[in-house]
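Dear colleague,

I am handing over the structure below, and after it you will find my notes on what turned up in it. Please read them beside the coordinates.

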Amino acid sequence: MISFLYSIVLLIAGVTMIFNKDEKQIRKSEIGHNVTPIKSLPWWYEYYKRIRLFPWWTRYNVGLTKEASHKDKILELATNMDFDIKATSRIIRHAVSEFSKYGLGSDYPGYHTIDHNLEVAYVSLLSAANQKSENKISKKDIKHLFVAALFHDFDPRKEFEKPNEDNIELFIRNDQKLAKLIDSFEIDLNIVIALIHRTTYPFMGAQKEHALKRIHELISLVGIDEEVASTRQHYEKLGLFLSICDRIAGYCLGDFKYAKELARRNARGIGWHSQVINEKSVEFFTALKQKDDKDTFERVIQSLPAAYRKNFFDNVQGFREAWEKELEIKASLRKNELNFVTVVENIMNDSNKMNEHMFDTIMKIRQEYCSPTNFNDRSFRKSLYDPSTILITLRINSKEGEIVGYVKGGPLEKHKPKHSRYDDESLRKMDSVHMESLRRGTYDENIGKRNSVFMEWIAIQIGYLGEKGGHLLRSEFLKEARRQGYVYVTSYYQRELIIHRKNKGEPIEIVQQYDAAKIDYYRIDLSQLVESIPIQ
């Protein structure tokens with residue numbers, strides 16, 4: 001109870017910012033190589049996040065969150081491995097606190113959250129503890145693995161959803177409290193950071209060269225000479241062990257529904273388009289059995305409980321079957337056995353009621369296509385009953401055919417930022433690609449003029465993606481917006497694709513840039529749109 005009250009005090013009071021006037025000096029002298037300078041957060045930001053997360057912290061501390069469940073499992077393993085339980089508990093608490101106050105906690109819509117890091121820490125400990133005698137991992141190395149797993153994605157100021165290992169190193173080195181906790185754990189910070197650099201993905205090309213160079217520098221800082229090749233190789237293999245755990249942890253701990261959610265989130269960080277998630281997921285898992293990773297993957301997966309192994313292989317098979325189904329659908333579309341038809345839907349029928357089947361289908365597609373963390377279901381449902389909403393469905397073969405996609409939008413004034421939805425710096429940095437309202441910070445001079453319609457993101461069942469269904473939906477939406485008397489259509493999209501459309505002659509302009517993931521706010525002038533201009 002005392003520890004719980006203490007955590008609440010910390011939550012509200014905050015802690016001293018890790019950034020200070022000596023930041024550049026610390027970066028140069030302790031890291032030893034150049035990284036991108038990082039601008040400090042506003043002084044009030046940590047306090048703001050702590051107050052906002054008070055309800056979640058309360059539930060976490062009484063064991064009512066998923067993260068609390070992971071913590072309990074880790075502490076149980078740590079007890080069996082004769083770890084210092086107080087030190088282990090403190091370092092977990094610190095990780096949860098740091099991730100949360102920097103916007104990477106339970107409310108973060110991306111993949112690289114505290115939940116993911118706890119999953120990797122748990123699987124790493126579990127696998128390391130169950131290694132066969134010939135592959136036995138020392139207690140000290142297990143501690144190195146554990147701490148590296150716990151902080152391997154800690155990049156609060158990331159420029160993209162995918163963390164940058166150099167920035168992670170910077171943050172860890174600037175965290176004086178973590179340094180003390182690591183000392184109490186009797187391990188070396190440089191080894192921890194070296195293992196984190198090995199989680200770079202994909203581990204190839206320039207990324208691989210940079211990571212290996214830094215790993216060797218860090219090992220030298222520990223006092224291990226270049227001539228001691230066996231010790232260096234030992235830590236490289238330990239880093240690979242962590243990398244494998246990083247890639248499979250979540251897929252071992254949940255069913256296929258959870259696996260699909262992880263893949264959607266992970267796709268954003270790796271750079272996969274939504275239409276190739278199943279295909280790329282199959283490639284992602286197949287790579288684990290290639291030459292460089294195969295032996296370590298077998299070591300890790302075979303050391304896990306049977307239920308976790310079953311989860312993993314069932315999920316892999318699920319992605320494979322989903323991809324095979326996609327191929328069948330695409331083949332039918334290309335042979336003209338299936339055809340797309342777009343329909344401008346009447347939101348209400350003559351009895352002022354929405355077709356329940358259409359409603360359920362749209363909600364199902366939405367839930368499949370989009371991460372639930374990003375959305376307010378109540379607002380979305382309400383919008384489907386709004387007569388000002390434009391709703392276009394993508395159907396198969398006829399206007400009464402199966403619905404496999406949709407695009408929705410409405411007056412710009414009804415898409416103003418929802419309070420507490422996108423005002424966090426962390427979410428603006430994340431630049432979530434499924435906006436259903438304007439992000440805070442987006443200013444449009446036409447708000448209030450009632451001449452603009454906001455087009456939300458197109459959603460299509462995964463098997464039907466990539467076959468021009470998106471083009472048809474977008475084209476129909478622009479036509480319907482113009483028919484209803486709107487002058488402009490606005491939305492968010494990848495900057496390079498906006499530029500591509502502009503170069504092809506489309507009357508489109510970037511209204512506001514977002515430099516993190518380059519998902520920019522744009523406007524199309526419908527009065528200048530020529531029917532013959534392709535609008536893919």
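In which loop is Asn336 found? Asn336 sits in the loop between helix 17 and strand 1 (340-344), where helices (H or I, at least four residues) and strands (E, at least two) are DSSP runs numbered from the N terminus. With a relative accessible area of 56%, Asn336 is exposed; throughout, buried stands for under 20% relative accessible area, exposed for over 50%, and partly exposed for what lies in between, with a 1.4 Å probe and protein chains only. From C-alpha to C-alpha, Asn336 and Asn397 are 9.6 Å apart in space, while 61 residues separate them in sequence.

Before the rest, some conventions. This is a predicted model, in which local features need pLDDT of at least 70 and side-chain atom pairs count only at pLDDT 80 or more, whereas totals for chains, interfaces and linings use all residues. Residues are numbered from 1 along each chain as its sequence is written, and side-chain values use heavy atoms, with hydrogens and water left out.

Nonpolar cores

A nonpolar core is taken here as a set of buried Ala, Val, Leu, Ile, Met, Phe, Trp, Tyr and Cys residues joined through side-chain atoms within 4.5 Å. The largest such core has 87 residues, and those with the most contacts inside it are Ile91, Ile92, Phe146, Phe151, Ile248, Tyr251 and Phe312. Helix 13 (residues 229-253) gives the most to this core, contributing eleven residues. Leaving aside residues up to four places away in sequence, Ile248 touches Leu288, Phe297, Val300, Ile301, Leu304 and Phe312, a contact being heavy atoms within 4.5 Å. As background, nonpolar side chains in soluble globular proteins tend to be buried together.

Aromatic pairs and charges over rings

Rings of Phe, Tyr and Trp (its six-membered ring) are paired if their centres lie within 6.5 Å, and planes under 30 degrees apart count as stacked, over 60 as edge-to-face and the rest as tilted. By this rule the count comes to 20 aromatic pairs. One of them joins Phe99 and Phe154 in a tilted arrangement, at 5.1 Å centre to centre and with 45 degrees between the planes. Because Phe99 lies in helix 6 (residues 85-101) and Phe154 in the loop between helix 8 (139-151) and helix 9 (165-174), this pair ties together parts that are 55 residues apart in sequence. Phe99 is buried at 0% relative accessibility, and Phe154 is buried at 1%.

The rings of Phe285 and Phe312 have their centres 5.5 Å apart and their planes at 90 degrees, so this pair is edge-to-face. Phe285 belongs to helix 15 (residues 277-286) and Phe312 to helix 17 (residues 306-334), so parts that are 27 residues apart in sequence are tied together. Phe285 counts as buried at 6% relative accessibility, and Phe312 is buried as well, at 2%. Both rings belong to a cluster in which ring pairs link Tyr201, Tyr251, Phe256, Phe284, Phe285, Phe297, Phe312, Phe313 and Phe319.

A charge is said to sit over a ring if NZ of Lys or CZ of Arg is within 6 Å of the ring centre and within 35 degrees of the ring normal. The charged end of Arg198 sits over the ring of Phe203, 3.6 Å from its centre, and Lys143 lies over the face of Phe185, at 5.4 Å from the ring centre.

Salt bridges

With a salt bridge defined as a side-chain nitrogen of Lys or Arg within 4 Å of a carboxyl oxygen of Asp or Glu, the structure holds 20 salt bridges. Arg173 bridges to Glu169, the closest N and O atoms being 3.0 Å apart; both lie in helix 9, four residues apart, about one turn of the helix. Arg173 is buried at 13% relative accessibility, and Glu169 is buried at 1%. A network of salt bridges links Glu169, Arg173, Lys213, Arg214 and Glu217.

Glu467 forms a salt bridge with Arg334, with the closest N and O atoms 2.7 Å apart. Since Glu467 lies in the loop between strand 5 (459-460) and helix 21 (469-483) and Arg334 in helix 17, the pair ties together parts that are 133 residues apart in sequence. Glu467 is buried at 15% relative accessible area, whereas Arg334 is exposed at 59%.

With best regards
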